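We will go from an annotated domain to a sheet, its aromatic residues and a few helices.

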Amino acid sequence: MHTPPSAPGFAPAKAVPGIPPAAYHDPAVFAVEEERIFRRCWVFAGFTDDLAKSGDWLTRRIGGLDVVVRNFDGELRAFRNVCAHRFAIIKREPRGNGLLRCGYHGWTYDRDGVPYGIPGNDAFFGLDKAGRCKRALTPVAVAACGRFLFLRIAAEGPTLEDWLGPYGEVLRHASDIFVRSFDEQEMVWNANWKMGVESVLEVYHADTVHPTTFRKLVKGDWRCDHAGAHSRGVTSVSDQSARWWDGVAKRLDFRPSERLRDYDHLHIFPNLEIGFTRGLVMSVQSYDPLDPARCALRLRLFLADPGGLDGGGKGGSAARRVIEDTARDLNVALLREDQEESEQAFRGVRQTDAPALLGLNEERIQQFHAVWRDAVGR
């Protein structure tokens, strides 16, 4: 069995060719990615906040398969979101609360995925306990790191803790600091998912694409590393931005992280991107494949607001809303700029047979490509 990727010992020393251009648009390559990457790796699915109450559920599509996660009296269980009766998708909305019941014929499933409510069972099906167990939903592995929720389609594989490695501690720490989401958005990009990931793994384009947005936020003194399949990039926040955000923290009585005081970016393979600004803002992005030519960018924004969950502190002030608007506008502007360039690059990659040339300042893309090659066997 092909094991999830790790790219051990990767250390870029020179400019190298990127992955083949066809890897961005060939349907056959996309099918391999769905099977060997997205069904075998732990994939970010959302936050445990969305499943806080018994009966809460959420749905995701991972590796071309529909998945539902539900809170059963405090225990999270995940299954393939396909009814065992006649193949209907059981839950069709992104989130909700209620029984795990199929809307087509009313079959209802318990915490083990076994149908316990079958309308007309005695008259039409005659399923006893053993027969109902044979019709159980296919389970999906579910685990959380802090409040970050992950799913793994494959029945076997590393634990989430082993998969995340040292970056798991960053996610646990962030879960304690960034307790309240203030914005959630979804954008469809007309580009392959890898184009989206690559747009945040290098800052070579910052001067030309983001001169009035991201470039003013940071100094550009990047330090990069990687652990297993994942990578991290850190740069100092500009003096002007640091003063502004420190003033915000003091005025609104926020509780910034003392460990994430720069601009700190994590890439969790395959498609989760987490950015921290001055320990006060967390941006969580996933580039979810829709097909070879499109991905869905899902964005959640958080502030380091100690009163965020219970409404205490100064979280409801007009000043706080100004900060939310500022952070939202900046992040959306950055993503729109990246979207335009990614879509243009995707247009171009379908017109060439020559791979990209990745420089030393694109080392995180080099590492991403190394992990990708290991995963798909190319």
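## The annotated domain

According to UniProt, in an unreviewed entry, residues 42-122 carry the feature "domain: Rieske". Please keep in mind that the coordinates come from a predicted model. In this model the span of residues 42-122 is 44% strand and 2% helix, and its end C-alpha atoms lie 40 Å apart.

## A seven-stranded sheet

Let us turn to the strands. Seven of them form an open sheet, with antiparallel pairing, in the order E2-E11-E10-E5-E4-E3-E6. The edges are taken by strand E2 (43-47) and strand E6 (95-97); each has a single partner strand, so one side of each has no neighbour in the sheet. From one strand to the next, the twist averages 30 degrees.

Four bridges join E2 to E11 in an antiparallel arrangement, and here Phe-47 stands opposite Phe-148 in E11. Strand E11 (residues 148-152) is in turn joined by five bridges to strand E10 (residues 139-145), again antiparallel. Between these two, Cys-145 is found opposite Phe-148, and Val-142 opposite Leu-151. The hairpin of E10 and E11 has two residues between the strands, and Gly-146 takes a positive phi there, near 65 degrees. On to the next partner: strand E5 (residues 75-80) pairs with E10 over two bridges in the antiparallel sense, with Ala-78 opposite Val-140 in E10.

## Strand E11 from both sides

How many of the five residues of E11 are buried? Five of the five are, so the strand is largely enclosed by the rest of the structure. Phe-148, Phe-150 and Arg-152 point one way from E11, while Leu-149 and Leu-151 point the other way. Arg-152 is worth a look in the viewer, as a buried residue that points the way of Phe-148 and Phe-150.

## Aromatic pairs

The structure holds 15 aromatic pairs. One of them is formed by Phe-47 and Phe-148, which are tilted, with 5.0 Å from centre to centre and 55 degrees between the planes. This pair links distant parts of the chain, since Phe-47 belongs to strand E2 and Phe-148 to strand E11, 101 residues apart.

Trp-244 is partly exposed, with a relative accessible area of 38%, whereas Trp-245 counts as buried at 7% relative accessibility. Returning to the phenylalanines, ring pairs link Phe-44, Phe-47, Phe-148, Phe-150 and Phe-302 into a cluster. A ring can also meet a charge: the charged end of Arg-70 sits over the ring of Phe-72, 4.5 Å from its centre.

## Helix H11

Which residues of H11 are buried? They are Arg-364, Ile-365, Gln-366, Gln-367, Phe-368, His-369, Val-371, Trp-372, Ala-375 and Val-376. An α-helix has 3.6 residues a turn, so residues three or four places apart point the same way. After H11 comes Gly-377, with a positive phi near 75 degrees.

Our last stop is Lys-250, which lies in helix H9 (residues 239-252). Lys-250 has a relative accessibility of 74% and so counts as exposed.

How values were computed. Residues are numbered from 1 along each chain as its sequence is written. This is a predicted model: local features need pLDDT of at least 70, side-chain atom pairs count only at pLDDT 80 or more; totals for chains, interfaces and linings use all residues. Side-chain values use heavy atoms; hydrogens and water are left out. UniProt positions are given in the numbering used here, feature names are shortened, and annotations may be inferred rather than shown by experiment. Buried means under 20% relative accessible area, exposed over 50%, partly exposed in between (1.4 Å probe, protein chains only). Two strands pair if DSSP finds at least two bridges between them. Axes are lines fitted to C-alpha atoms, for helices over the stretch in contact, and angles run from 0 to 180 degrees between N-to-C directions. Rings of Phe, Tyr and Trp (its six-membered ring) pair if their centres lie within 6.5 Å; planes under 30 degrees apart count as stacked, over 60 as edge-to-face and the rest as tilted. A charge sits over a ring if NZ of Lys or CZ of Arg is within 6 Å of the ring centre and within 35 degrees of the ring normal.
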